[in-house]
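Hello! Let's look at this structure together, one question at a time.

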Amino acid sequence: MSTPALFTDPAAWQARCLAARREGLRLALVPTMGSLHAGHASLLREARRRADAGGRRGLAVASIFVNPTQFGPGEDLARYPRDLEGDLATCGQAGIDLVLAPGDPAQVFPPDHQSWVTVERVSQGLCGASRPGHFRGVATVVAKLLNLTRPDVAIFGEKDWQQLAVLRAMVRDLAFGVEVVGMPIVREADGLALSSRNAYLSAEERGRALALSRALFEARDAVAGGAREAAPLLARARARLEAAGARVDYVEVVDPLALTPVARAEPGAVLLLAALVGRTRLIDNLVLP
Ligand code: AMP
């Protein structure tokens with residue numbers, strides 16, 4: 001393991017990535033908000049693998065930026081966990097060569113920033129309904145990171161299923177010319193999806209948060225047993241969350257790409273849920289068999 005080279009200045013980063021591309025190196029990018037866990041690590045290792053896929057050692061790079069434009073008023077921007085030292089170690093262990101971690105959000109969004117990327121339909125329901133402006137902030141920062149880096153491949157997690165759909169639409173619609181890769185959700189042994197926000201949970205809340213993955217697994221088993229009507233699946237999942245004292249934001253079965261609700265859970269449909277456990281908003285999803 002070696003420590004990745006740290007860039008805090010986006011312009012210096014852009015110059016370094018441009019130089020690498022001019023040398024003909026493949027670039028693989030993992031955008032993150034830091035506080036990295038094993039879920040992120042799986043994306044970072046995939047970046048290493050894909051950067052080297054051309055038969056020559058490419059450049060595996062990651063960004064660590066708590067993007068203020070994707071947080072709404074009253075959300076957890078100020079208390080979002082930050083651990084640059086630990087993150088650099090995680091990146092190093094995964095074989096990441098370069099890390100962009102702007103010291104000041106104004107380096108990415110200076111006061112005269114006025115251009116935004118809006119992805120219309122897939123941003124609208126689910127998290128988009130309860131977090132207005134969230135996906136505009138996500139799409140804009142990822143567009144900027146893609147332009148700064150110009151990677152061959154960008155890697156994201158299926159944990160944020162709607163985010164991945166939004167970014168796939170953006171990359172396709174605006175011809176970014178980057179391959180978008182989605183990686184499976186990494187879970188704790190007991191099923192809880194890894195999330196930087198799990199750090200907010202007390203031990204008691206951590207126990208109740210298991211209702212999310214259990215609701216998904218229960219639905220998966222029901223679907224595997226032939227119960228494909230969405231309505232009863234949704235009702236059971238909701239009841240399971242409520243029994244754990246979680247405040248349900250949404251529970252939906254949707255088409256995997258369009259994210260429109262479906263009445264029957266055909267193979268490949270996705271069950272998505274979001275709920276508050278205490279003050280912590282958690283999301284999880286599962287592709288139905
Ligand atoms: P974040 O730092 O939370 O913005 O996440 C950065 C990337 O890591 C996003 O593409 C997430 O979808 C992905 N990610 C977060 N948690 C997980 C997980 N448990 N498994 C797989 N990918 C994840």
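Q: Which helix and strands each supply at least two residues of the shell around the ligand?

A: This is a predicted model, in which local features need pLDDT of at least 70 and side-chain atom pairs count only at pLDDT 80 or more, while totals for chains, interfaces and linings use all residues. Residues are numbered from 1 along each chain as its sequence is written, and side-chain values use heavy atoms, with hydrogens and water left out. The elements you are looking for are strand E2 (27–32), helix H2 (38–51) and strand E5 (153–157).

Q: Which element gives the most to the shell around the ligand?

A: In total, 17 residues surround the ligand, and the closest include Met33 and Val186. The element that gives the most, with three residues, is H2.

Q: Which residue has a polar side-chain atom 2.6 Å from an oxygen atom of the ligand?

A: Let's look at polar contacts, which are pairs of N or O atoms within 3.5 Å; within protein, one must be able to donate a hydrogen and the other to accept it, and residues adjacent in sequence count only if both atoms are side-chain atoms. Gly157 uses a backbone N or O atom, 2.8 Å from an oxygen atom of the ligand. Leu194 also uses a backbone N or O atom, 2.8 Å from a nitrogen atom of the ligand. The polar side-chain atom at 2.6 Å belongs to Asp160.

Q: Is Asn285 buried or exposed?

A: Asn285 sits in strand E9 (residues 280–287), and its side chain reaches the backbone oxygen of Glu158 at 2.9 Å. Buried means under 20% relative accessible area, exposed over 50%, and partly exposed in between (1.4 Å probe, protein chains only). Because its relative accessibility is 3%, Asn285 counts as buried.

Q: What is the phi of Leu126?

A: Most residues other than glycine have a negative phi. Leu126 lies in helix H4 (residues 126–130), and at 5% relative accessibility it counts as buried. Although Leu126 is not a glycine, its phi is positive, at about 50°.

Q: Is Ala175 buried or exposed?

A: Ala175 is found in the loop between helix H6 (161–173) and strand E6 (179–183). Its phi is also positive, near 55°, in a residue other than glycine. Because its relative accessibility is 63%, Ala175 counts as exposed.

Methods: Near = heavy atom within 4 Å. Helix = DSSP H or I, 4+ residues; strand = E, 2+ residues; numbered from the N terminus.
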